[in-house]
Amino acid sequence: MGEEVAQQEFSRADRTRHREKVRRNLDVFARMLREAAFDTDDPMTGLEMELNLIDDAGDPALKNAEVLEAIADPDFQTELGQFNIEINLAPAKLREGGLATFEESLRRSLNDAEEKGSRVGAHQVMIGILPTLAEGHMTRDSLSSNPRYALLSEQILNARGEDITISISGKERLTTTADSIVPEAACTSTQFHVQTSPDQFAAYWNAAQSIAGVQLAVSANSPYLLGKELWRETRIPLFEQATDTRSEELKAQGVRPRVWFGERWITSVFDLFEENVRYFPALLPVTDEEDPLEVLEAGGTPALHELKLHNGTIYRWNRPVYDISQGMPHLRVENRLLAAGPTVADTIANAALWFGLIRYLVESERPLWSQMSFSAAEENFHVAAQTGVDAQVYWPGIGQVRATELVLRRLLPMAHAGLESWGVPGEQRDRYLGIIEHRCQAEASGAGWFVDRVRERGGEDRYDALRATLLDYRDRMHSNEPVHAWD
């Protein structure tokens, strides 16, 4: 939910008017998909990264406002928690060296931001969940000062009607409650964007869903929450629970969650927006003055404010995005399921695997998603989140297979071919997919490295061990040496 929201209270009439406007937006969107010219000639890709902030001791630094003021760069923005910031990179074309451009731009921006942020006592860390977060940080006081975050928290809690319960069982067990959505702030991610035509959107989204489990298995980087060792990618269950507007009774009735893998393969981008409108009441019923049909019939491009804002409060792991650039509408798939790090090189390697695989799968004669059930893709996703590189996933034509073996034997050649179709230079394909190859051969991940180092400190207080390991992690992060090469 990136838009500013000025309105702080909503009446019943506001909600009724907003619902009608969202449905009008949806009707206009359907007409645009039939009639409008979408920007698809030369697809762009994009990358966003959410970062955590720590102090010199390795504890959370609740200083994002001070850090952003020190950085003074519009590419850096506020995030939900005061211990978070986000960087948005300029879109790039993969055939024009986009992967290397992302790496160079990200390293340059983060180094500059680190230098400036350190002056106010805050350092950046690329990791999915800050391991040193404690119960004392899970209060409303940790929310960023932007009023839209407090408003979103209030609306989610009001819809739920009770405090949020977090209950996760992994190597250890965590049960806690929260009276705000601050636990959501603990879930920082990297987002990859790919622009696509309306005709190809369904194929790109289905492809992204089908490889979600493999993505998580080889990239997990969130093993600790509130001092407990849980899943290898604990962000997944935490995010699913931290923004859940359903009471236990609504869950029992089968009401869909707002953090949602989905329930079926799609045939059009319209399917996803139509599901949004059909299943989910608005959290932020802010209604704009634009008449989208009037704009469209006058030859303009409707902003579809309400449809976009509503979509921003439904947290699909692969989210559809409608946007406008230079007056022209376009569509993107936003891949939201990975943590950042451990290094910039690892992050761009994860991007290379994703961009390559989805391009290959979209261009395949027989779609992968026609060979596996949607429930199998969802099960792969949660198994991989729980067990990381040890995950056994289902793959058509093979059955159950270790995810790392699947990547090495079958998926890396696909990703190479997909990146070649994008026009990615050979040396870039070899560099970034080589990182994935070595990671799989070593069965290494950020999560695995962190857990092993904390266990080596088993005689210490858990939080002392987490702090020491996090500081070691941060030093290695700055080296940009991929995690498979760490000691």
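These entries record what I looked up in a predicted model, from its helices to its pockets and cavities.

**Entry 1. Ground rules.** I number residues from 1 along each chain as its sequence is written, and side-chain values use heavy atoms, with hydrogens and water left out. Because the model is predicted, local features need pLDDT of at least 70 and side-chain atom pairs count only at pLDDT 80 or more, while totals for chains, interfaces and linings use all residues.

**Entry 2. Cysteines.** I looked for disulfides, a disulfide being a pair of cysteine sulfur atoms within 2.5 Å. The count comes to zero. I then checked burial, where buried means under 20% relative accessible area, exposed over 50% and partly exposed in between, with a 1.4 Å probe and protein chains only. C187 counts as buried at 10% relative accessibility. C440 is also buried, with a relative accessible area of 3%.

**Entry 3. Helix 3.** Helices are DSSP runs of H or I with at least four residues, strands are runs of E with at least two, and both are numbered from the N terminus. Helix 3 covers residues 98-118, which makes 21 residues. The expected span of a helix is 1.5 Å times one less than its number of residues.

**Entry 4. Q215.** This residue lies in helix 7 (residues 212-219). Q215 counts as buried because its relative accessibility is 3%. Contact means heavy atoms within 4.5 Å. Leaving out residues up to four places away in sequence, I found that Q215 touches F192, N335, L337, L338 and W354.

**Entry 5. Pockets.** The search uses a 1 Å grid over the protein atoms alone: a cavity is a set of points where a 1.4 Å probe fits but cannot get out, and a pocket is an open set with protein on both sides within 12 Å along at least five of seven lines. Lining residues have an atom within 4 Å of a point. Grid points are joined across faces, edges and corners, and a volume is the space filled by probe spheres set on the points.

The largest pocket holds about 1,300 Å³ of space. I counted 48 lining residues, of which E48, Q191, H193, R319 and E334 lie nearest the centre. For classes, Ala, Val, Leu, Ile, Met, Phe, Trp, Tyr, Cys and Pro count as nonpolar, Asp, Glu, Lys and Arg as charged, and the others, Gly among them, as polar. The lining of the largest pocket has 16 nonpolar, 17 polar and 15 charged residues.

The second largest pocket has a volume of about 230 Å³. It is lined by 18 residues, and E443, A444, S445, G448 and W449 are the closest to its centre. Helix 17 (residues 446-456) gives the largest share of this lining, five residues.

**Entry 6. Cavities.** Over the whole structure I found three cavities of 30 Å³ or more. The volume of the largest cavity is about 120 Å³. Its lining includes R107, L110, N111, E114, M477 and H478. Helix 3 returns here, giving the most to this lining with four residues. Helix 18 (462-479) also supplies at least two.

The second largest cavity has a volume of about 60 Å³. Strand 6 (residues 173-178) provides the largest share of its lining, three residues. By class, this lining divides into seven nonpolar, two polar and one charged.
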